[in-house]
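Please examine the sequence and the model shown here before reading on.

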Amino acid sequence: MRFGMVIDLQRCVGCGACAFACKAENTTRDRDAEDGQSFNWADFVMKTEGTFPNTKHWVMPVLCNHCSEAACVEVCPVKPNKAMYKTPEGITLHDPSLCIGCRECQTACPYSHEELDAASLSGETYSVISFNGRYKPLHPKWEDGTALIAGGTASGAETAKKAGVAVPAMNEYESKDVGPLRKKRIVEKCTFCAHRTLNGLQPACVEVCPSEARIFGDQDDPNSAISKVLAAKQSFVLKPEAGTRPNVFYVGKYSARS
Amino acid sequence: MKLTRRSFIQFSAATACLLAAGCSTTVMRPVSAAMIPRRANGSSAPKGEWIGSTCQGCTQWCAVQIFVQNGRAVRVRGNPLSKTNHGYCCPRGHLITQQVYDPDRVKVPMKRTNPVKGRGVDPKFVPISWDEAMDTVAEKMMELRRANEGHKFMYMRGRYSSTSTELLYGTLPKIFGTGNYFSHSALCAEAEKMGPGLTQGFFGYRDYDLAHTNCLVVWGLDPLASNRMVPNTIHYFHEIMARGTIIAIDPRLSNAAAKAQEWLPLKPGTDGALAGAIAHVLLTEGMWNKEFVGDFKSFWGGFKAGKTVGEDEFEEKETHGLIKWWNLELKDRTPEWAEKETLIPAEQIVRVARAMGKAAPKTIVWMGPGAAMTPRGTYAAMAVHALNGILGSIDVEGGVWQSSSVPIAKFPKPDKYVDEVAKTASKGKKLDGRGAKDMPAMMGGKPGSGVVTNNVANGLLKDPGAIKVFMSSWSNFNFSATGADRWDRAMAKVPFFVHMVTNASEMTQFADIVLPATFNSAEGWSVITNMGNGHGYASLQQGAVKRLWDVKQEETEVMWLLAEKLKQKGFANLFDYYSKEFKDPETGKHPTNALEFSIIAAKMSSSSLWMPKEPVKGDAPLKGWDDYRARGMFSGPKYTLKKGWGGKFNTVSKKFEFYSETAKKGLLEHAKKYETSVDDIMAVSGYVARGDVAFVPHYEPPKRHGSEAEYPFTFIDYKSRLNREGRSANLTWYQEFKKVDPGDVSWDDVLKMNPADGAKLGLKTGDMVRVSSTTGSIVARLRLWEGVRPGTVTKCYGQGHWAYGRVASEDYGKKARGANNNEILVDDYDRLSGATARNGGFTGVRIQKVAV
């Protein structure tokens, strides 16, 4: 069993549905611009190239690559069991109960930054690992008790209270690994939707893609859709030179003109 | 913000990867002990229920499902039964959970305590009960009836339900008595309908056989992002890319343009010239569709540039007036001529025309608002749509279709509840000025029949006493209408305004009473009909999610409460209509409260599907209301081809009209009303056509407000793929992923300018600039971007809310985040349709750097 994902860039239209489904499924919080944490387990890089009218534009969905030689796991200093670890299915998973918040994983990951700057807002950089600070509220939006119009409009805290959960649209599920809510002073990242994929479901980003650009499955099964696509089409990974052996692959060209 | 320790993931690296060879997927043993796997600690999949609902984030009204846990909305997906969206929604649908739990939602009715009204003036709203709110509204309305001034009541609808709208828009003005009720529709679409309307008699949105087309021309729209059928287009786009040609005609590098084989970034507003040249090439190269259009009688016949053709030389089949069109317009529209107008190289025009002709009739020319919603847009819409006529793609496989629908039960007629007072009051002149000499507004080919939404503000400014009580739902014209400041001035003069909304927006700042609306995609009850991919459908909204606040559906629940109050005050007709004529189709029980009325209305309008007299074609028969609720939707049968062929088009000639007898009839009728000529009507309405040219698709040069000397840049507006009709700027996910609109930047609202222009003006990315037109000015951050033509600048619509919520506004009630394009776009119209101009580069702007 070796989970992997293929993203077909010819199918992808860069719409954003995968990123929204990820945020909903995993109840990830809003960006902390001050500390440069995006909390986007699924994100995008995009660029416009060339000179008008020969302009080209491409988009690439990005997520944790669930590397076979995961740098984040390698550097995790927690003993005896690492907080960041590989599962038998190939998921790079995180155990929040073991995490000491040292952020070594964020430093080591070729696809992450300790702090994102403004370049991430135009799709030039991204981070697959984000860090929940030590002192800040975890979901500031839903802990804010102030109202726009006193007595007339709601507040975040009142909305959450009425909804009966910490985040009104929180996706509740049980997990002894990464659950719906994180805690302070730990990192967080894509789990390949472990709570879904280890229970027979597809990851949320795969399930919602309107162009069916994402294929998730077992690379060790030669009959799986992912194996067939990888056998048939030329694929590439991001930063192969980092030597982490990603399990997220890309096929196809985003633009017919590139 | 600190710099990171390591270098960023640079694009150079990412692109190098693109070129890198495929990587190994063979199994390798872990090289490090750290990689020795450990079982996950265990988890269970989320538990909940997918409940059918309908997204109304754009005009497609997709059938969706909401994943509900304990009454809470958690996630959204397309309804798997949908034949239109294939079980997927576009990114807008996923924003439903953010919108329903927007912390800035209005949670209770409010009343104004500050009598002073104006932009930036705090209304000093205080919460009140529904009883007090409705009592106040009913009393104000009754004052009008007592004074025989029913016509001074006005209702304007924004987003609505296609069925429930009949209970407010279709009923309240009639029974209460006023002619002043207006739809929002002319703000964003109506000119588009004139293209198919005046050529094939179909004044509606087309459907497209994307599954079978070999050439897709997206003209003046970005269907991967907006317009309609977004999930359907996303579904088929890559297939069409692989098997055929996609051609994007858009002055801006849109999502479709980014992916397409051909991008034609024409000079804004010259769509009619490009369409004429493509038609010219198709005809001179003999690439018209013989089966649809017909042929020359003689083997020697043909179209030669600059040469007229005798009308008797050609025998048409399904069309009317091809030779007239050629002689009046097309013969001189060579690609070389068009290059000068459109700035698109002649060889690209020829190449694209040939690709279109070669794939015909499986060629789709999908015309959108970019081509049509301009001051002379009717003719551009006709010119672009008429290409489908030449290509023979009308109503054929792989072509352009008319709409589909499913049968919906009509509500009982309210006629017997309409008294004499109401009848008299309904007859007054409408405030939107439709049918004036310079505003033919001939939707359906009938002069004076089209709504001129944006002109209502002018009507209010001209005659401030015309409206005393104004009610509106799910609208925000102070933000969404061009010349937005007119609405600020007009609304300040309306004595009593009732706003039914989810958020206290700009328009709400002028309200006397605010009624909190349900967020209908999650909380409302109604049946929503629409179509796409060859299927009509009826999708349910069924209160999937528990309401957190004291909110009510505006078209049903609020109307019930209003009817009760009017009855208490001596006017029972509305209540009698709702309470006596409406009954549960299953139990025969009449509604006794607001929510029951809402649910019964939904049951009644859909009863034609789940308890039909005769079996309904389409999906497997529904076993009843519960079955309909469980499925959440019903789709009709696949579209029948060649509907209009054989002389069945709904035009005057019953043919597809290249020479529009339909336009001619309407224009002659309008001219007759004012005892003048069609030429005079053309002149006063701002069109350049004279004589018979007024009746054929043709090129009208772009109208531009502001001289090129004073306003050297042409401004173009576009829609975000995340815009839920201008309502999503308050959502953090919208801000966080704004970058999914090409050229845009998250948490910002950038004006895009070509780098060559930036160099000339000494401007750079990140500069703050003032963008000024003849109407107003806005300030935005500049981004130099190669996706826009030199001389043209562009910015997305949707941000610049000075009131809506704490994300959309930097300082609620005072300062916006970003800038609203409608503050610089000029109040102008395509007067033949009554549509508001918002595209085609009709607004010239000046760009100046401002100190931060």
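Predicted model: local features only at pLDDT ≥ 70, side-chain atom pairs only at ≥ 80, totals over all residues.

Residues are numbered from 1 along each chain as its sequence is written, and chains are lettered from A and ligands numbered from 1 in the order in which they are written.

Chain B comprises 29 helices and 33 strands; helices (H or I, at least four residues) and strands (E, at least two) are DSSP runs, numbered from the N terminus. The C-alpha trace of chain B spans about 90 × 80 × 65 Å along its principal axes.

One part of chain B is an open sheet of 3 strands in the order S20-S21-S22, with antiparallel pairing. Two strands pair if DSSP finds at least two bridges between them. The edge strands, S20 (525-532) and S22 (633-635) of chain B, each pair on one side only. Strand S21 (residues 535-542) of chain B is joined to S22(B) over 3 bridges in the antiparallel sense, and Phe634(B) in S22(B) is the bridge partner of Ala538(B).

Elsewhere in the description of chain B stands a pair of helices. Helix H7 (residues 190-200) of chain B packs against helix H16 (residues 377-391) of chain B at an angle of about 50°, with the axes 7 Å apart. Axes are lines fitted to C-alpha atoms, for helices over the stretch in contact, and angles run from 0 to 180 degrees between N-to-C directions. H7(B) is therefore oblique to H16(B), given that angles under 35 degrees count as roughly parallel, over 145 as roughly antiparallel, 65 to 115 as roughly perpendicular and the rest as oblique.

Finally, which chains meet, and with how many residues? The contact takes 97 residues from chain A and 95 residues from chain B, where two residues are in contact if their C-beta atoms, placed from the backbone, lie within 7 Å. On the side of chain A that touches chain B, the largest share, 7 residues, comes from H1(A).
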